[in-house]
Amino acid sequence: LYGTQPGSVSGLLLHHRAALFLGVFVICIWAMVRPEVRPLSATIVAISMVSFLAIYLANGAPASLRTIAIADAVGLPFLILVAGRAFRLF
């Protein structure tokens, strides 16, 4: 999806990004079983999603990343709902 070559510097950064996503995944699984972790989990997921969308838009919305941006944009309303419940806003 990212259009990088294996072994390139961009590819190495994507491996790092994948490791960070593993951290996001782990905290989301942890939040499923430990309600007190849910605010932190919602915050981390929000930082991940919103920062990607901001960077994507600030760089001219490259077509090669559109699928990822759409997935994040579609997920935002669900994140808002989950975050609202995690922070007991509604």
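Ten nonpolar, one polar and four charged residues make up the lining of the second largest pocket. Here Ala, Val, Leu, Ile, Met, Phe, Trp, Tyr, Cys and Pro count as nonpolar, Asp, Glu, Lys and Arg as charged, and the others, Gly among them, as polar. Keep in mind that this is a predicted model, where local features need pLDDT of at least 70, side-chain atom pairs count only at pLDDT 80 or more, and totals for chains, interfaces and linings use all residues. Residues are numbered from 1 along each chain as its sequence is written, and side-chain values use heavy atoms, with hydrogens and water left out.

**The two pockets**

A pocket is found on a 1 Å grid over the protein atoms alone, as an open set of points where a 1.4 Å probe fits, with protein on both sides within 12 Å along at least five of seven lines; lining residues have an atom within 4 Å of a point. Its volume is the space filled by probe spheres set on the points, which are joined across faces, edges and corners.

| Largest pocket | About 400 Å³ | Tyr2, Leu14, Arg17, Phe52 and Ile55 |

The largest pocket is lined by 18 residues, and they divide into 12 nonpolar, five polar and one charged. Helices are DSSP runs (H or I, at least four residues), numbered from the N terminus.

Which helices supply at least two residues each to the lining of the second largest pocket? They are H1, H2 and helix H3 (66-86). H2 gives the largest share of this lining, five residues.

**An aromatic pair**

The structure holds one aromatic pair. Phe52 and Tyr56 form this pair, at 6.0 Å centre to centre and 20 degrees between the planes, and it is stacked. Rings of Phe, Tyr and Trp (its six-membered ring) pair if their centres lie within 6.5 Å; planes under 30 degrees apart count as stacked, over 60 as edge-to-face and the rest as tilted. Both residues sit in helix H2 (residues 38-58), four residues apart, about one turn of the helix.

Are Phe52 and Tyr56 buried or exposed? Both are buried, meaning under 20% relative accessible area, while exposed is over 50% and partly exposed is in between (1.4 Å probe, protein chains only).

**A look at Leu81**

Leu81 belongs to helix H3. Leu81 is partly exposed, because its relative accessible area is 45%.
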